[in-house]
Amino acid sequence: MKKIRIRFLLFIYDNTQKLYRKYFKKKKRQWAFSQQQLLAFEEDTLGRKLGEFYKKHGFTMIPKMENHDVHHLLTDCGTRFEEEIAMQFLLLGNGKMNAHLLAAIFLGSLILPEYFGIYIQAYKKGKNMRPFYYWDFEKLLLQNFENVKDFVHQKETPVFY
């Protein structure tokens with residue numbers, strides 16, 4: 001039964017993703033780097049980690065959706081369907097709000113309610129992270145991955161007097 005529910009969610013996703021990019025991402029441009037170029041970045045950079053993520057999972061870059069894949073890296077959210085929904089909860093906790101995100105949360109909660117505890121944990125995790133959902137990660141691809149990740153996971157910058 002769970003496989004049928006996930007297939008239904010995949011069907012919905014596949015049929016709404018292009019509309020989402022068209023209407024919600026119309027001002028955004030696709031990144032100037034290819035997956036192969038990302039793999040040529042220095043070893044510890046965000047760009048290289050992203051290229052390795054694509055290679056490891058057998059994914060291809062979706063134009064205008066590249067930041068989403070960086071979110072996976074920075075938040076340690078997996079790529080199974082329930083983890084994708086959890087990441088939407090995390091992004092809601094982080095401050096992101098749009099119709100596509102709310103629809104994913106609503107449908108995910110309705111169709112896969114057995115993961116609701118994980119979804120709430122993800123929401124709380126997002127609340128405790130520095131807001132990052134709106135960043136243009138293409139500009140950070142040359143930065144050290146661990147430094148970017150650590151920065152995102154700090155809610156407030158420590159002040160030393």
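Which residues does alanine 122 touch, not counting residues up to four places away in sequence? Alanine 122 touches Ala86, Phe89 and Leu90, where contact means heavy atoms within 4.5 Å. The views below come from a predicted model, in which local features need pLDDT of at least 70 and side-chain atom pairs count only at pLDDT 80 or more, while totals for chains, interfaces and linings use all residues. Residues are numbered from 1 along each chain as its sequence is written, and side-chain values use heavy atoms, with hydrogens and water left out.

**View 1. Alanine 122 in helix 7.** Alanine 122 is found in helix 7, helices being DSSP runs (H or I, at least four residues) numbered from the N terminus. With a relative accessible area of 8%, alanine 122 is buried; the word buried stands for under 20% relative accessible area, exposed for over 50% and partly exposed for what lies in between, with a 1.4 Å probe and protein chains only. The C-alpha atom of alanine 122 is separated by 9.3 Å from that of threonine 75, although the two are 47 residues apart along the chain.

**View 2. The largest nonpolar core.** A nonpolar core is a set of buried Ala, Val, Leu, Ile, Met, Phe, Trp, Tyr and Cys residues joined through side-chain atoms within 4.5 Å. The largest one here has 36 residues, of which Leu50, Leu112, Phe132 and Phe137 touch the most other members. At least two residues of this core are supplied by each of helix 1 (2–24), helix 3 (46–57), helix 4 (66–75), helix 5 (81–94), helix 6 (99–111), helix 7 (116–127) and helix 8 (145–153). Helix 5 gives the most, with seven residues. Phenylalanine 137, leaving aside its neighbours within four places in sequence, is in contact with Trp31, Leu46, Asn67, Val70, His71, Leu74 and Phe132.

**View 3. Helix 1 against helix 6.** Two packed helices are described by the angle between their axes and the distance between the axes. Here the axes, which are lines fitted to C-alpha atoms over the stretch in contact, with angles running from 0 to 180 degrees between N-to-C directions, come within 11 Å and cross at roughly 175°. Helix 1 and helix 6 are therefore roughly antiparallel to each other, given that angles under 35 degrees count as roughly parallel, over 145 as roughly antiparallel, 65 to 115 as roughly perpendicular and the rest as oblique. On the side of helix 1 the contact is made by Arg5, Phe8, Leu9, Ile12, Thr16, Tyr20 and Phe24, and on the side of helix 6 by Ala99, His100, Leu107 and Ile111. These residues divide into eight nonpolar, two polar and one charged, where Ala, Val, Leu, Ile, Met, Phe, Trp, Tyr, Cys and Pro count as nonpolar, Asp, Glu, Lys and Arg as charged, and the others, Gly among them, as polar.

**View 4. Helix 1 against helix 5.** Helix 1 and helix 5 pack with their axes 11 Å apart, at an angle of about 55°, and they are therefore oblique to each other. Lys2, Ile6, Leu9 and Leu10 in helix 1 meet Phe81, Glu82 and Ile85 in helix 5. The residues of this contact divide into five nonpolar, no polar and two charged.

View 5. Most residues other than glycine have a negative phi. Lysine 64, in the loop between helix 3 and helix 4, has a positive phi, near 75°, and counts as partly exposed at 22% relative accessibility. Not counting residues up to four places away in sequence, lysine 64 touches Arg21, Lys25, Lys26, Lys28, Arg29 and Gln30. Lysine 64 and lysine 25 are 39 residues apart in sequence and 6.7 Å apart in space, C-alpha to C-alpha. Aspartate 76, which lies in the loop between helix 4 and helix 5, also has a positive phi, of about 60°, and is exposed, with a relative accessible area of 51%.

**View 6. Serine 109 in helix 6.** Serine 109 is found in helix 6 and is buried, with a relative accessible area of 17%. The side chain of serine 109 reaches the backbone oxygen of isoleucine 105 at 2.8 Å. Leaving aside its neighbours within four places in sequence, serine 109 is in contact with Phe89, Phe116 and Tyr119.

Terms used
A polar contact is a pair of N or O atoms within 3.5 Å; within protein, one must be able to donate a hydrogen and the other to accept it, and residues adjacent in sequence count only if both atoms are side-chain atoms.
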